[in-house]
Amino acid sequence: MSRTSLTRFLIEEEQNKRINADLRQLVAVVARACTSIAIAVSKGALGGVLGDAGTGNVQGEAQKKLDVISNEILLEANAWGGHLAACASEEMDHSQPVPSEYPQGDFLLLFDPLDGSSNIDVNVSVGTIFSVLRAPAGVKQPGDEHFLQPGVQQVAAGYCIYGPSTMLVLTVGHGTHAFTLDRETGAFILTQRNMQVPADTKEFAINMSNQRHWEAPMQGYVADLLAGKEGSRGKDFNMRWIASMVADVHRILTRGGIFIYPWDKKDPGKAGKLRLMYEANPMALLVEQAGGAATNGRERILDLQPTQLHQRVPVFLGSKNEVAQATRYHTDHDAN
Ligand code: P6P
């Protein structure tokens, strides 16, 4: 059976007029950068890349050496190709236009270069998350404000998960597809076309240690999950929490489930832990393109109008009927 590489898949998408040549090149460049990151990550202790970089990011988080390395790999790979106007990253305070000595393209790229990096030192799967928006026409050197577009305006989104195998999961707006890295040839090979998230699930993913800090509808929803067969849900549930969003979302895209990182009152001024622009939005698009759903507990994530580049948002995503159920607990609570 002939294998479809990412290259061939992207050319076919261009031939079917679903993407143009620049977007095809952008996705190919990001995929190649992820291959370089996969090599760096897989070296582990042998590569001198574990541990803290000794610096902090705009989120106030200590940066791992691999956070900084991954960020540099993505910036360098995308600087000179002429397909991009600017980049924004979890690891950079502000967006960065492509260097003026290179041609400026029509797209904006946002990424979390290495999500879940606190797991690196304990050898748990981590990943790169990316989102692509259109650059505003006629704007030289776009700034942060030009990135503030709702998630529905993404033209592509994906992640690369560095696990037992390295996989790229991608949507260009026509389904969600999975590619597995063939380390011998360096090519990503299509291994699952049109991933589908089961509409119902018996598996939830949440950090239960925050339970006492959740708002009332969240407390009620999870209490009913834990009550199992004897409770109002009438079925038992299982729990998984890898604390690496890419790994938790990949499991959900593969076999269903609901992933929740809700608002909590530990830091009431923070809307949630996860970032809208380069975590929630790309994952929401991938999940919706696979027949799932994604809300902030009240509204569809992809409809949210961003106000800040690094803004945070509560995230409920996965099996559409379970996301609807969890969202209903919140909207019914608000209505009473
Ligand atoms: P907690 C990783 O730091 C991350 O941003 C996501 O990948 C993950 O889902 C979440 O935070 C884990 O958060 O509070 O359980 O450590």
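This is a predicted model: local features need pLDDT of at least 70, side-chain atom pairs count only at pLDDT 80 or more; totals for chains, interfaces and linings use all residues.
**View 1. Helices H1 and H2 pack against each other.** Here you're looking at helix H1, residues 6-15, packed against H2 at an angle of about 165 degrees. Their axes sit 9 Å apart. Since an angle over 145 degrees counts as roughly antiparallel, H1 and H2 are therefore roughly antiparallel to each other. Their crossing is right-handed. On the H1 side, the contact is made by Leu-6, Leu-10, Ile-11 and Glu-14. H2 brings Ala-21, Arg-24, Val-27, Ala-28 and Ala-31 to the contact. Sort the residues where H1 touches H2 by class and you get seven nonpolar, no polar and two charged.

**View 2. Helix H2 also meets helix H3.** Now follow H2, which covers residues 21-43, over to helix H3, residues 65-79. The two axes come within 9 Å and cross at roughly 150 degrees. That angle makes H2 roughly antiparallel to H3. H2 goes past H3 in a right-handed crossing. From H2, look for Leu-26, Val-29, Val-30, Ala-33, Ser-36, Ile-37, Ala-40 and Val-41. They meet Leu-66, Ser-70, Ile-73, Leu-74, Ala-77 and Asn-78 in H3. This contact of H2 with H3 has eleven nonpolar residues, three polar ones and no charged ones.

**View 3. Helices H6 and H7 run roughly parallel.** Helix H6 spans residues 245-255, and helix H7 spans residues 276-289. They pack at an angle of about 15 degrees, with 11 Å between their axes. Angles under 35 degrees count as roughly parallel, and that makes H6 roughly parallel to H7. The crossing of H6 and H7 is right-handed. By class, the contact of H6 with H7 holds seven nonpolar residues, no polar ones and one charged one.

**View 4. The ligand sits among 13 residues.** The closest of these residues are Asp-115, Asn-207, Trp-241, Met-245 and Tyr-261. Which part of Met-245 lies 2.7 Å from an oxygen atom of the ligand? It's a backbone N or O atom. With Trp-241, look at the side chain instead: an N or O atom there is 3.0 Å from an oxygen atom of the ligand. The side chain of Lys-273 also has an N or O atom to find, 3.1 Å from an oxygen atom of the ligand.

Methods:
Residues are numbered from 1 along each chain as its sequence is written. Side-chain values use heavy atoms; hydrogens and water are left out. Axes are lines fitted to C-alpha atoms, for helices over the stretch in contact, and angles run from 0 to 180 degrees between N-to-C directions. Helices (H or I, at least four residues) and strands (E, at least two) are DSSP runs, numbered from the N terminus. Angles under 35 degrees count as roughly parallel, over 145 as roughly antiparallel, 65 to 115 as roughly perpendicular and the rest as oblique. A crossing is left-handed if the near helix is turned anticlockwise from the far one by less than a right angle, and right-handed if clockwise. Contact means heavy atoms within 4.5 Å. Ala, Val, Leu, Ile, Met, Phe, Trp, Tyr, Cys and Pro count as nonpolar, Asp, Glu, Lys and Arg as charged, and the others, Gly among them, as polar. A residue is near a molecule or strand if one of its heavy atoms lies within 4 Å of it. A polar contact is a pair of N or O atoms within 3.5 Å; within protein, one must be able to donate a hydrogen and the other to accept it, and residues adjacent in sequence count only if both atoms are side-chain atoms.
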